[in-house]
Amino acid sequence: MGFFFSSQESKEPPNRSKREKCWESRDIFFQCLDRINVVDPLRNDTQKLVKKECGTEDKQFQKDCVASWVKYFKQKRPFDKKKERILNEAKEEGAEVVQLPGYRK
Amino acid sequence: MLSKIVRPLATPIRGSLYFPVQRVPLWGSRLVSTRLFSSSLQRMEEEKPKSPSSSPSSSPSSSTAPPHHKPLSRMPIGTEKDYSKMKIKRSPSEFLSWKSLALFLVVGVGMTWLFREQKKKIELRREAEANRGVGKPLIGGPFDLVDMNGNQYTDKDLKGHFSLLYFGFTHCPDICPDELDDMGEIIDGLKKKYKIEFQPIFITCDPGRDSPEVMKEYLSDFHPDILGLTGTYDNVKKACRAYRVYFSTPRDVKPGQDYLVDHSIFFYLMDPEGQFIDVLGRNYDVDGAIEKIKDQVRAYEPKEEREKKKEGFLGFLYK
């Protein structure tokens, strides 16, 4: 069983505090995107606006998270937003969210 | 027709014995279908000539027979007592005393609860049995991995205790750490609430980066009971295949390369024989998972008992 690599730093997975820091920076960046009404930060036509309005938040986000996570979270955002929108629409139509005991929210 | 029925009834002949003539008003007898009485009427008519009071002069109004005309067969020998006039002294409400009511409730509620529990258990056992499968198991199978302390860990090590398996990887951005935190809560919840202990296992899908040391370091953030497993690329792939876990890890990753791994997110509950009995998806929250595992663990019976029950006369219940 040989798992010996020369560059150990990048091999180390982020620990709890690093993860939490990353999530925090992500949330700050996403809040900024909410302010400028950008759903998908990876779309070409919004790149400029994001850079202008949320450049610092984005930089901090990229600093606190590994590159693969940044990409993952940015890709995930439109899906989460879509889910949120569908749920909100259903609620506006009078749908009731039923929380079954033992099941996740 | 009416007079035909009534007249013979007033007389003490055998054919009339079972008609409560006195209580039936005359118009009531008209409602009685003729078909119902056709056979007795026939008999009555046959016996008519023998009867003394069957003369045409007797009118329907005289149908109330005097007591001394009561058929002899109803009279106890040696007495003249009219039992129809005696009252039963026992009142029906004496059975409804609070004691019997309480007993009824206790037994009723107890039996209902017992039957429900048993039914649930039998259903869970049947489900578990179906998941264990016949012959080759659908989920699970032989694997040969290394735990985070560097010791070999194979499917045989799953025997002797319940296990909860989770597949993931240490560089997982959000779901795995969340799920591992949940796993810790499930472990503690089952221990505290139901005194159920099991072996939680975290198997990496990313053997390229997750060495035993990395696993150990990573899992120190989580519940101390969780055992991390890793192995060679091929062995991990084999284990993931056996558990139907989607495995997308690239084979040759350069050192330091940053990538993510797609994987399925399920908890697998394994019985003390090392066989799969249930799967818990992300749809359950911690409490839901605790309850589900508790039910399965309580419903579990060792293999010999299962076999014995299948052979027994109630075996059809378990098939």
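Where is B:Cys176 placed? Select it and you'll land in helix 5 of chain B; helices here are DSSP runs (H or I, at least four residues) and strands likewise (E, at least two), numbered from the N terminus.

Some housekeeping: this is a predicted model, where local features need pLDDT of at least 70 and side-chain atom pairs count only at pLDDT 80 or more, while totals for chains, interfaces and linings use all residues. Residues are numbered from 1 along each chain as its sequence is written, chains are lettered from A and ligands numbered from 1 in the order in which they are written, and side-chain values use heavy atoms, with hydrogens and water left out.

B:Cys176 is buried at 0% relative accessible area (buried is under 20%, exposed over 50%, partly exposed in between; 1.4 Å probe, protein chains only). Leaving aside neighbours within four places in sequence, B:Cys176 is in contact (heavy atoms within 4.5 Å) with B:Tyr166, B:Gly168, B:Phe169 and B:His263.

B:Cys172 sits in the loop between strand 3 (163-168) and helix 5 (175-194) of chain B. At 4% relative accessibility, B:Cys172 counts as buried too. Not counting residues up to four places away, B:Cys172 touches B:Pro177, B:His263 and, over in chain A, A:Trp69.

**Stop 1: the strands.** Show strand 6 of chain B (residues 267-270): B:Phe267 and B:Leu269 point one way, B:Tyr268 and B:Met270 the other, and all are buried. Strand 6 runs antiparallel to strand 3 of chain B, joined by four bridges; DSSP must find at least two for strands to pair. B:Tyr166 has B:Phe267 as its bridge partner.

On to strand 7 of chain B (residues 276-280), also antiparallel to strand 6 with four bridges. In the hairpin of these two strands, pick B:Gly274, which takes a positive phi near 80 degrees.

**Stop 2: the cores.** A nonpolar core is a set of buried Ala, Val, Leu, Ile, Met, Phe, Trp, Tyr and Cys residues joined through side-chain atoms within 4.5 Å. Of the 59 residues in the largest one, B:Leu165, B:Phe167, B:Leu180, B:Tyr243 and B:Tyr268 touch the most other members. Helix 5 of chain B gives the most to this core, seven residues. Finish at a second, separate core of 16 residues, including A:Val38, A:Val50, A:Phe61 and A:Phe73.
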